[in-house]
Amino acid sequence: HQVTSTKAVTYSINAMFNYKPYVYFNLYLAHGGTLFAYWAGSRNGGRNKPIVRIVTSYDFDCPISESGDLTYKFHSVRRLIGQLKKKKLPDPPANTTKTAYGKVLLTQVYRYEGIDSSQLGNWATITKEAQAMEMFRQYQGLRSYRVDLNEKLPGKRYLQFKGFADVLYVFTENHATNNLTFRGKLVRGHQLYMTLKYEADDKLVILAEGAGHIAWGFGQNDDIKGVF
């Protein structure tokens, strides 16, 4: 993430404070934060280019750190503001004690490979062609695509995509049991095709994962997710 020296920050504050007649300013950021789930975004531009994920930390070398600690930069800024305002500022609170979070026991609550497509009901949308997540007002997370292969005998098929984002998990679904068999994974920017193995009357099932939208810069308007 972005790092700015304490010297540069205090110099800028001092310069703006003494600017005539006067200016208003604030500190961005004063307190670091954290981006959870898919909100961290990415910084790659254009379709079918490799994913460049952004770390979840939004600390940005702030005076108050991501974990809430008062840093050397905080005390330097505080001391400067006190001098410029010619006031004694109240004492800041002490930093909190940090400790290891410890082990976390995870319990499985859902298994994608156990879906019965006949039970999807109103959750399913029928389209002539695969469409991006945004066409369904979905802007993050996972989306499933299903299509009949119309093959009466087992075999292999060359599977190629015009575009997708960001990761595809490819399955076939057994016609009789609705059980899924994992066939492979494709990652945006690395491969648009694969050889698909299937059984008679199988369905093709694709689980698309969106790995965060472009946070700034080139490619934001073209950054769609899913299969397209």
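Student: Which residues of the largest nonpolar core touch the most other members?

Tutor: In this predicted model, the largest nonpolar core has 16 residues, and those that touch the most other members are Leu159, Phe161, Leu168, Leu204 and Ile206. At least two residues of this core come from each of β6 (167-173), β8 (193-198) and β9 (203-210).

Student: What makes a group of residues such as Val9, Ile13, Val77 and Leu80 part of a nonpolar core?

Tutor: The term requires buried residues of the nonpolar kinds, joined through side-chain atoms within 4.5 Å. Val9, Ile13, Val77 and Leu80 are among the five residues of a second, separate core, and therefore each of them counts as buried, under 20% relative accessible area.

Student: Why is Asn150 called exposed?

Tutor: The relative accessible area of Asn150 is 67%, and exposed means over 50%, so Asn150 is exposed by that cut-off. Asn150 lies in the loop between β3 and β4 (155-160), and its C-alpha atom is separated by 7.9 Å from that of Lys203, 53 residues apart along the chain.

Student: What makes β3 and β7 edge strands?

Tutor: The open sheet has four strands in the order β3-β9-β6-β7, with antiparallel pairing, and β3 (141-148) and β7 (180-187) each pair on one side only. From one strand to the next, the twist averages 20 degrees.

Technical notes. Residues numbered from 1 in each chain as written. Predicted model: local features only at pLDDT ≥ 70, side-chain atom pairs only at ≥ 80, totals over all residues. Heavy atoms only, no water. Buried < 20%, exposed > 50% of the residue type's maximum accessible area, 1.4 Å probe, protein only. Pairing = 2+ DSSP bridges. Axes fitted to C-alpha atoms, helices over the stretch in contact; angles between N-to-C directions.
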